[in-house]
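The following text walks through one protein chain, from its overall form to a few individual residues. Please keep the sequence and the model in view while reading.

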Amino acid sequence: MPVFQLQNKLLSVKINSFGAELCSVVSNETDIEYIWQADESVWSRHAPNLFPIVGKLKGGEFQYHSKTYQLPRHGFARDNEFICVEQADDYVLFELTASDKTLINYPFHFCFQIGYKLSANKVITSYSVFNPDNCDLYFSVGAHPAFNCPLQNSEAFEDYELVFNNKSELTINTLNDGLIASQTKQLDLKSNRVSVSKQLFDNDALVFMNSQIDEVHLVSSKSKHGVSLFSKDWPFFGIWTKKNTNQFICLEPWQGIADSDISNGDITQKIGIIKLQSEEKYNCSFDLLFF
């Protein structure tokens with residue numbers, strides 16, 4: 001499983017070809033490691049890429065053309081080896097295509113590419129999905145990067161805040177065993193921010209629909225170090241850490257979302273599903289700024 005490195009004066013970045021997963025972002029000035037280092041005793045991933053679904057399927061399955069297929073939460077891309085198809089000092093591009101193995105549980109041909117571009121103290125992640133087949137392709141795609149919180153030993157989890165641009169409150173869709181429930185609740189913000197705490201995630205992830213979040217900052221109130229995520233035109237967003245932990249926070253832009261708890265299982269009617277016609281390509285990207 002090769003690991004690829006991008007580096008400039010400000011950042012050193014590593015990406016694992018397995019899952020095309022961002023696995024390290026270190027400041028060359030402060031030696032701060034921003035990415036969660038996948039402690040297996042807590043949560044064994046860094047920043048998984050989510051494809052061809054985001055979240056959980058009701059019953060772990062979907063229907064297409066009267067047949068039933070099983071997919072795990074967040075799909076299979078994160079557990080597959082990608083091929084590096086392009087590499088430069090500041091850019092790397094990975095690719096995953098359909099195979100006999102993927103077609104068993106996901107009956108669509110696809111070409112899924114993930115690119116990482118390093119620019120100053122920013123990492124730009126781009127997704128591209130191409131439909132090479134003569135029938136429609138149904139998919140979702142999303143990101144799940146986990147950031148160390150706290151970033152430094154002198155800080156605590158509770159020293160951090162989530163800051164949202166120009167927001168006084170946000171609407172959260174509650175989860176029912178990982179599925180989107182009909183109930184919503186308000187996340188009340190003080191001066192467009194909320195303090196990080198274990199209790200914030202007592203009911204699983206904070207899930208936001210309807211394009212509420214296009215910018216969020218995870219910032220230490222002490223050191224002022226942190227990370228900003230910019231995801232314009234992404235309709236869904238999740239913020240998560242594992243329950244009762246206080247070591248990392250995931251900021252997750254999604255082009256797709258988990259099934260609702262009343263889903264009928266038809267993938268063509270799935271909430272947030274993207275339909276891609278033959279020979280079409282779908283592109284999206286988000287930016288991470290480290291400071």
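**From the whole chain to single residues**

Buried residues make up 53% of the 291 residues in this chain. The model is a predicted one, and what follows describes it as computed from its atoms.

The C-alpha trace spans about 55 × 45 × 35 Å along its principal axes. How does the radius of gyration fit with a compact globule? For 291 residues, such a globule would have a value near 19 Å, and the chain has 19 Å, so the two agree. Contacts also tell how the chain is arranged in sequence terms: of those between residues at least 6 apart, 63% join residues at least 24 apart.

The surface comes next. The accessible area of the chain is about 12900 Å², and carbon and sulfur atoms account for 44% of that. As for charge, there are 24 positive and 35 negative side chains. The centres of these two sets lie 4 Å apart.

Is Thr245 buried or exposed? Its relative accessibility is 11%, and because buried means under 20%, Thr245 counts as buried. The side chain of Thr245 makes a polar contact of 3.2 Å with the side chain of Thr241. Setting aside residues up to four places away in sequence, Thr245 touches Val42, Phe157 and Lys198.

Pro132 belongs to another loop, the one between strand S10 (122-130) and strand S11 (137-139). With a relative accessible area of 39%, Pro132 is partly exposed. Which residues does Pro132 contact, apart from its neighbours within four places in sequence? They are His109, Phe110, Cys111 and Glu279. For Phe110, which is 22 residues from Pro132 along the chain, the separation of the two C-alpha atoms is 6.2 Å.

Where is Ser211 found? Its loop runs between strand S18 (206-208) and strand S19 (215-220). At 46% relative accessibility, Ser211 is partly exposed.

A cis bond links Phe51 to Pro52, with omega about 5°. Pro52 lies in the loop between strand S4 (49-50) and strand S5 (61-64). The bond from Cys149 to Pro150 is cis as well, and its omega is near 15°. In this case the proline, Pro150, is placed in the loop between strand S13 (146-148) and strand S14 (160-164).

Terms used: Residues numbered from 1 in each chain as written. Predicted model: local features only at pLDDT ≥ 70, side-chain atom pairs only at ≥ 80, totals over all residues. Heavy atoms only, no water. Rg over C-alpha atoms; globule rule 2.2 N^0.38 Å. Buried < 20%, exposed > 50% of the residue type's maximum accessible area, 1.4 Å probe, protein only. Contact = heavy atoms within 4.5 Å. Areas by Shrake-Rupley, 256 points an atom, 1.4 Å probe, with all protein chains shown as cover. Lys, Arg positive; Asp, Glu negative; His and termini not counted. Charge placed at Lys NZ, Arg CZ, Asp CG, Glu CD. Polar contact = N/O pair within 3.5 Å; in protein donor to acceptor, adjacent residues only side chain to side chain. Helix = DSSP H or I, 4+ residues; strand = E, 2+ residues; numbered from the N terminus.
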